[in-house]
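Visitor: I have not looked at this one before. Can you walk me through a few parts of it?

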Amino acid sequence: MVAAPLLRLPGSGMRCMGSRFYRSPINPLKSFSGLNSIQAQRQSIQCFSTSLSRWQDEVLDRTRNIGIIAHIDAGKTTTTERMLFYSGFTRRLGDVDEGSTVTDFLPAERARGITIQSAAITFHWPPGNVDGAQTGARDQSLPRSAASHTINLIDTPGHADFTFEVMRSLRILDGAVCILDGVAGVEAQTEKVWHQASTYKIPRVIYVNKLDRDGAAFGRTVREVSSRLSVYPAVCHIPWFEGVTGPFVGIADAINLQALRWKEGDDGRTVKMMNLEQLDAEEPSLGQELRKARIALVELLSEQDETIVENFFECDEDHMAVSSMDIIDSLRRCVLDPTSRIVPLFAGASFRNMGVQPLLDAVVNLLPSPAEASDPEVSIGGVKGGLRRLLSGDLIVEQSEKASVPAKSKKKKNTAPQTNPKDAIDKLQSCALAFKVVNDAKRGVLVYVRVYSGSLDRNSLLFNTNLHLSERAPRLLKMYANDAVEVDSIPAGHIGVVVGLKQARTGDTLVSYAGNKPTPPEPLTSLQLRPIEVPPPVFFTSVEPHSLSEEKRMQESLALLLREDPSLHVSVDEESGQTLLSGMGELHLEIARDRLINDLKAKASMGRIEIGYRESGLGESSPVTKIFDKEVAGRRGKAGCTALVQPLNGEDISDAAEEDTLLAENIEGNQIIIRAHGLQMERASRGEEESSPFLPPGMDTVTLRTALQNGALAALARGPQFTFPMHNTRVTLTINPPEHLFGGDTTTSALAAAARQATSAALRELLTGPGTVMMEPVMNVIISVDEASLGSVVHDISSSRGGHIVSLDEHVPIPGTDASSTESIAAENDLPPINPNRVYAPPDPFATQSVAAEISAISSNPRTITAKVPLKEMVGYLKHLRSLTAGRGTFVMSVDRFENMSAQRQKAVLAELRGGF
Ligand SMILES: Nc1nc2c(ncn2[C@@H]2O[C@H](COP(=O)(O)OP(=O)(O)OP(=O)(O)O)[C@@H](O)[C@H]2O)c(=O)[nH]1
């Protein structure tokens with residue numbers, strides 16, 4: 001008996017899902033009426049300024065900046081495509097396998113069927129416009145999904161090579177949907193991204209996808225969530241398998257006590273919905289299970305949330321009688337509470353067009369608006385804290401106190417004069433993070449920004465605190481995947497695009513400020529939003545232009561690639577003149593090659609992808625002085641300096657700072673110290689350094705410093721024995737002005753050349769003295785396996801691959817991705833483990849007795865191996881792991897550090913390199 005007609009709602013039918021099914025008591029169209037719009041207009045005329053800010057607050061309240069995170073292939077792109085379709089954004093369903101998706105729009109992404117770049121897309125859910133006509137105080141008796149919301153969706157890549165890209169996207173999200181593959185369960189990459197999201201305290205909901213596939217095990221996945229992600233899954237949906245063991249046809253919803261059945265083979269807009277009684281008639285066992293799920297949900301929430309306990313008592317302790325609104329509110333409180341371990345969990349099969357609309361409702365109902373999101377971390381002049389504290393002035397006061405205490409041995413004269421810190425913060429007009437740079441064939445370079453405070457206006461001057469330069473923002477856009485709408489400003493909490501910036505790179509902080517000075521007042525110049533560390537590259541390849549005339553074009557394209565992706569590095573081998581591109585993984589470089597050659601049309605070819613070994617000195621050189629005196633490009637240049645190289649044994653940078661230190665910096669695994677004895681700087685009346693009798697006319701200390709640093713870096717790029725870049729090396733350059741500077745003859749190129757020659761000579765000196773050693777990248781590897789394969793995997797790692805096991809079943813922080821993740825994982829580790837057998841999960845219909853036993857062994861006891869293994873031994877490991885674990889094993893890895901190689905290993909690797917792989 002069919003209890004409710006198959007629904008095909010009028011028009012596109014797309015609005016119906018998000019709205020009508022889940023905000024049952026109202027007519028969704030009513031709140032969008034023209035009458036409301038006229039009233040809103042009148043109100044805005046009466047009290048423009050207050051209503052404008054209220055309007056902005058309301059718009060912000062109806063905004064969600066969310067991301068989708070998951071293991072590779074869990075179905076992020078497929079789910080995103082459905083979201084775009086149901087929201088009315090696209091008219092047809094994109095297909096990853098056909099290469100017709102909206103979000104993976106780069107040719108390389110379409111060809112490979114994977115997401116490489118994050119794309120930010122804006123759409124509305126439920127469909128409609130979020131404008132003044134709709135805003136107004138929210139009707140508290142209705143879920144938020146009763147009104148249209150703006151969703152800015154960042155599609156993040158899932159492959160481990162793009163971890164940096166994931167981190168970059170994560171820090172601008174206010175909430176996230178974590179997609180799990182219902183067959184594979186919780187995978188290694190999921191765990192990694194999950195912990196990274198915990199670092200930024202991002203509220204999450206979980207979506208178990210692919211429930212239509214053979215072997216899908218929803219119950220097992222739920223239990224894995226508790227044991228491996230260390231959270232309590234609040235099961236809001238349970239899957240509906242027709243006749244218990246038949247195909248997946250829909251979901252039963254424990255929040256609203258109803259079931260949704262999608263029409264088979266349809267585009268997903270036609271849904272049959274039924275209440276509990278109707279479900280009992282159609283699928284009695286599912287009705288019974290739904291009751292159990294509702295009881296479990298209310299019980300779980302009661303453990304965390306006082307209010308739901310009161311609601312429960314008001315309903316005479318009847319779990320079924322608690323209203324769906326009370327449950328949604330309770331879930332929302334738990335999701336937004338950073339101390340809560342409850343995470344709502346939903347079910348679906350995006351590819352079969354099932355489950356996506358209720359997931360969108362969950363995004364709107366449960367994830368935070370930008371105003372509710374956690375305070376983003378900033379650093380300013382060496383002090384870290386929340387942006388809100390900065391804006392209140394507290395953080396900047398703390399910073400100025402710190403800056404005014406002179407470091408014991410630090411030279412004070414380089415610090416710029418400080419304005420009153422409160423004045424500086426008053427001058428801050430907006431603060432934004434450039435989270436993505438994309439080269440668009442039609443529109444040029446697009447810089448995606450998330451605005452955190454104030455409003456980024458068209459034509460404003462933006463100071464880039466990473467590059468220390470200002471750029472004007474000539475055009476602003478709101479992006480809709482590949483399409484764009486021009487706007488005058490991007491307010492706080494929103495995501496948009498700045499067109500026309502020539503320098504800004506991914507990850508840079510941009511600030512605008514009052515006044516017309518070229519730089520903002522100190523210490524705003526050092527303001528950084530959510531800084532992240534770029535891990536060192538471990539693979540490299542050479543890039544060769546097809547002809548000399550193509551060289552310039554190739555270098556421009558490489559520069560653009562680097563703006564897009566700061567985890568790529570370009571260096572030039574001084575001796576061979578070869579350009580080397582290095583990155584995080586083989587796939588990372590392959591994609592870079594595709595981008596360079598196919599998308600940016602550089603006429604160049606790339607060599608073999610190789611492991612990036614390093615070289616390091618085994619002792620100290622003696623000081624080497626070089627005077628460069630040559631004519632370069634028709635101009636005489638003369639400069640000198642003394643270089644000393646030493647191995648770096650974990651010394652802190654501050655150990656090196658002395659009275660005459662011009663620079664002390666850690667760069668790419670090395671340390672550069674520059675000293676200038678007796679430069680005799682003269683100061684201007686304002687206290688700033690002005691000139692020195694030794695400095696050539698027009699040259700300041702910054703130029704001097706940069707030239708010397710560049711010279712040292714060029715020399716460090718090539719080790720004296722093995723030609724690999726130097727690592728773990730401290731270079732100290734000393735300038736004695738009367739001996740090394742020669743007035744007008746001292747050019748920046750002469751300074752750089754002198755620094756390079758002196759450093760290279762000091763490095764060569766090592767060969768006749770203590771010698772050098774090759775270093776190799778050693779990876780921190782986390783492998784997930786089942787109990788049965790544990791022994792063989794451990795044996796393989798420790799005997800065949802020369803790795804050593806660090807721990808079993810413990811989360812070890814992954815260095816190199818983010819410093820603070822160490823704390824967050826440690827904090828997560830401190831939480832008591834959750835017993836998966838005490839977590840509610842519906843039975844898996846396809847589990848036979850033996851399969852069930854195996855599943856329970858896996859889910860109650862999945863094993864995690866943490867090991868340190870040389871990268872060389874990990875090339876092609878996935879295939880091997882799969883064969884050892886009957887396809888179930890997964891792993892993630894990141895660079896731990898570079899380690900000295902034994903003489904024997906060094907010999908073997910060199911022989912292999914000479915003979916080719
Ligand atoms: N059977 C089934 N297949 C699905 C489902 N969702 C996605 N897929 C398939 O799974 C594969 C991976 O899907 P994607 O959407 O590209 O996954 P992704 O997570 O975006 O992958 P990356 O971008 O590479 O990280 C594709 O072949 C999809 O067709 C589903 O619900 N059921």
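Predicted model: local features only at pLDDT ≥ 70, side-chain atom pairs only at ≥ 80, totals over all residues.

Visitor: Which way does β14 run against β22, and how many bridges join them?

Guide: Strand β14, residues 428–440, runs antiparallel to β22, and five bridges join the two. C431 has V511 in β22 as its bridge partner.

Visitor: What about β16 and β22, how do they pair?

Guide: Strand β16, residues 461–464, pairs with β22 in the antiparallel sense over two bridges. The bridge partner of F463 in β22 is V511.

Visitor: Changing topic, helices. At what angle do α17 and α18 cross?

Guide: Helix α17 (residues 551–564) and helix α18 (residues 586–599) cross at roughly 130 degrees, and their axes come within 10 Å. That angle makes α17 oblique to α18. The crossing is right-handed.

Visitor: Which residues meet there?

Guide: From α17 there are S557, L558 and L561, which meet A592, R595 and L596 of α18. The residues of this contact divide into four nonpolar, one polar and one charged.

Visitor: Now the sheet. In what order do the five strands come?

Guide: The order is β30-β31-β36-β33-β32, in an open sheet with mixed pairing.

Visitor: Why is one side of β30 and of β32 left without a neighbour?

Guide: Because β30 (624–632) and β32 (661–667) stand at the edges, each with a single partner strand. From one strand to the next, the twist averages 20 degrees.

Visitor: How do β33 and β36 run, parallel or antiparallel?

Guide: Strand β33 (residues 670–676) and strand β36 (residues 729–735) run parallel, joined by six bridges. I672 stands opposite V731 in β36.

Visitor: Which strands does helix α19 touch?

Guide: Helix α19, residues 701–716, packs on the sheet and touches β31 (635–647), β32, β33 and β36. Its direction makes about 140 degrees with that of β33.

Visitor: And helix α21, which strands does that touch?

Guide: Helix α21, residues 748–768, packs on the sheet too, touching β30, β31 and β36. The direction of α21 makes about 35 degrees with that of β31.

How values were computed: Residues numbered from 1 in each chain as written. Pairing = 2+ DSSP bridges. Helix = DSSP H or I, 4+ residues; strand = E, 2+ residues; numbered from the N terminus. Axes fitted to C-alpha atoms, helices over the stretch in contact; angles between N-to-C directions. Parallel < 35°, antiparallel > 145°, perpendicular 65-115°, else oblique. Left-handed = near helix turned anticlockwise from the far one by under 90°. Contact = placed C-beta atoms within 7 Å. Nonpolar A, V, L, I, M, F, W, Y, C, P; charged D, E, K, R; others polar.
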